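Here is a brief structural report on one protein chain.

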Amino acid sequence: MSMQWGIRKKLIIFLMLVTVLPFGSSIAITYYQTTTSLNERFVSTNHDLIVKGEEELTVYLEDVAQMSSVLYRYTPFMNVMRDGLSENLNNKQEEVRRALAYLFNTRPEIEQMHLYIDIGKDSYTNYHSRISGRGKYESILSHPYYSKLTRYDGFSLIEPPHEMYSYNNISVIPNSEKKNVLSFHNILRDVPSDKMLGFLSIDINLSKISAIAGRLFTKNMEDLYIMDENGAIIYSSNETMIGKENKEKWFEFVKKEPVPSKSTEWKDQQFNGVIVYDKFSAPYKNWYIVKRIPYRVLYQSARETALINIVIGIVTLVFVFIATMFVSFKITAPIKVLIDNMKKVEQGVFEADFDSLGNDEMGMLGRHFKLMIAKINDLIEREYKLAIENKESQLRVLRSQINPHFLYNALQSIGTLALKSKAAPVDSLLTSLSKIMRYSMDMKEDIVPVHSEVMHVKAYLLLQKQRFDEQFEFDLTISKEVQEIHIPKMILQPIVENSFKHGFDQQIDNASIQIDGQLQEDGMVCITVRDNGIGVSGQQLERIRQELLNGELRESEQRETIGLKNIYDRLQIYYNNQAHMSIHSIEGCGFTVTVQFPKAIQKEVEHS
């Protein structure tokens, strides 16, 4: 009981240290650092944003202001401006209409255009692609911007947003269509002289400016203003302010502040937050672009982050506390694991199905239990190897009963006698038999190159071919890259011998055996032995597979399968269970054995 309470106390203390303290500290530090650094990040990011917006707006406004320059390259129109319409009225009036229609169609945001020709004081408008008739504009200088242009060194002036009006009262504009427009008033001069030829006014809606400005702020959260040098609001996120003069105190403060400061904090009854601003460059160098963000929006992310951290902390705390209490009441689980493993050992399964039971007393007991199982397995493996060694010793004794040197010398003497008797085929057969005997009785090497194993099989097949003459053929196709790979000795010959024992059933008639060896793309060596013998039925094939791969051989089936079983078991030992053997057969259509194993032997069994 004391151990249970000890572990429980340790888990509760661990909970306090790794959950409450880190999360609490993280929440406090994160909120503090976020609120203190957010201003700097906001100012830097948003100042860069409005500078890019200011550059885009400047390019757009300059493009519209420069539209009148296109007319200077149109010679027929400029001739009309220089000579007036008094002569050849129809043709010259058509040139005027063509120029106005061309300019009107260059930009979709153009609402109205007005052209004044000083010679003859003629006036034309183009409203929504409808070009007006010819009108006289005697009091042209009563228009304030035309009057300013006559005294202005430049070519263009911008009239702040205003309700669209009819120039010279010759455009018919319904009251419902009198929307806010920005007017570009241009003076046309007889370049290179300063002689005035007339005026061209272009009224554009605010759609393009709104689209550019709309990318610079978050609607319903931030404010954006664009003012000209007189404080007239060219654009505002509050559309009701467009066209009015900005008399707010914060704007007066911004105009007095040096531009490099970029931002200021502002607090009054109308607004509490941060103001980021920039001054336009030429040709609109006295214009301002200002972005305002309230503190409630600025610190919203910091508050959300703190809230999320608090929620995560509470959920984690509850989860860890429940898990801790659960584990403390289930402390007997390691004991149950040990009991289950002990029952497996009683049944002869010497393996543990757990990694660790912890670092306390139960963990120590689990480690000693696993060491005990490992020791038992080691003893069993030694006994198993000793039994194998005893069997191999018995095999060596049996092999040594026939003196190999005596056998080789006897075969050589018989071969010499056969040659003297002019019986060369007999000598050839004796040579093949001698090779087979020498290869089989060589105890020095258990691992041999594939080409040695192939030569042994070839000698065996030559003897069989001599027995059956023209009734038997064989083909050995081993790729060059496989020839030098080392494999366990006596792997192929038992498979080939199996074909003669069972496949041909002593009835040799156009029999054949084909042996193929190649290296697969995955690095595995694949060797296939295929005969055209009588094969086996599907039921027999399945039984052989089961006995070969899964179980002990029954005495009635040892004669058929023991050779394949022996080869399969040896391959698994040498290749650390990475080798494969598959068998295929169709009754009456032959028998195929395929072995696959890695290119390199991974576990070599030592033989003394």
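## The end of α2

Gly84 follows helix α2 in this predicted model. The phi of Gly84 is positive, near 80°.

## The buried side of α2

Helix α2 spans residues 75–83. Four of its residues are buried: Phe77, Met78, Val80 and Met81. Why do they share the same side of α2? They cover an arc of only 155° around the axis, so they end up on the same side of the helix.

The largest nonpolar core holds 55 residues. Val96, Leu115, Leu182, Phe184, Leu200 and Ile226 touch the most other members. Helix α1 (residues 2–65) gives the most to this core, with eight residues. There is also a second, separate core of 43 residues. Its members include Phe472, Ile485, Ile491 and Val529.

Set aside its neighbours within four places in sequence, and Leu182 is in contact with Leu61, Ile158, Glu159, Pro160, Pro161, Ile202, Asp203, Ile204, Leu206, Ile209 and Ile234.

## The second largest pocket

The second largest pocket has a volume of about 650 Å³. Its lining comprises 25 residues. Which of them lie nearest the centre? They are Tyr152, Ser156, Leu157, Ile158 and Pro283. Ile158 is also one of the contacts of Leu182.

Helices α1 and α4 (144–150) and strand β5 (156–163) each supply at least two lining residues. β5 gives the most, with four. By class, the lining has twelve nonpolar, eight polar and five charged residues.

## The chain as a whole

The protein chain has 608 residues, and 40% of them count as buried. It has 17 helices and 19 strands.

How much of the contact count comes from residues 24 or more positions apart? Among contacts with a separation of 6 or more, such pairs account for 61%.

Conventions
Residues are numbered from 1 along each chain as its sequence is written. This is a predicted model: local features need pLDDT of at least 70, side-chain atom pairs count only at pLDDT 80 or more; totals for chains, interfaces and linings use all residues. Side-chain values use heavy atoms; hydrogens and water are left out. Buried means under 20% relative accessible area, exposed over 50%, partly exposed in between (1.4 Å probe, protein chains only). The arc is that of the directions from the helix axis to the C-beta atoms. A nonpolar core is a set of buried Ala, Val, Leu, Ile, Met, Phe, Trp, Tyr and Cys residues joined through side-chain atoms within 4.5 Å. Contact means heavy atoms within 4.5 Å. On a 1 Å grid over the protein atoms alone, a cavity is a set of points where a 1.4 Å probe fits but cannot get out, and a pocket is an open set with protein on both sides within 12 Å along at least five of seven lines; lining residues have an atom within 4 Å of a point. Grid points are joined across faces, edges and corners, and a volume is the space filled by probe spheres set on the points. Ala, Val, Leu, Ile, Met, Phe, Trp, Tyr, Cys and Pro count as nonpolar, Asp, Glu, Lys and Arg as charged, and the others, Gly among them, as polar.
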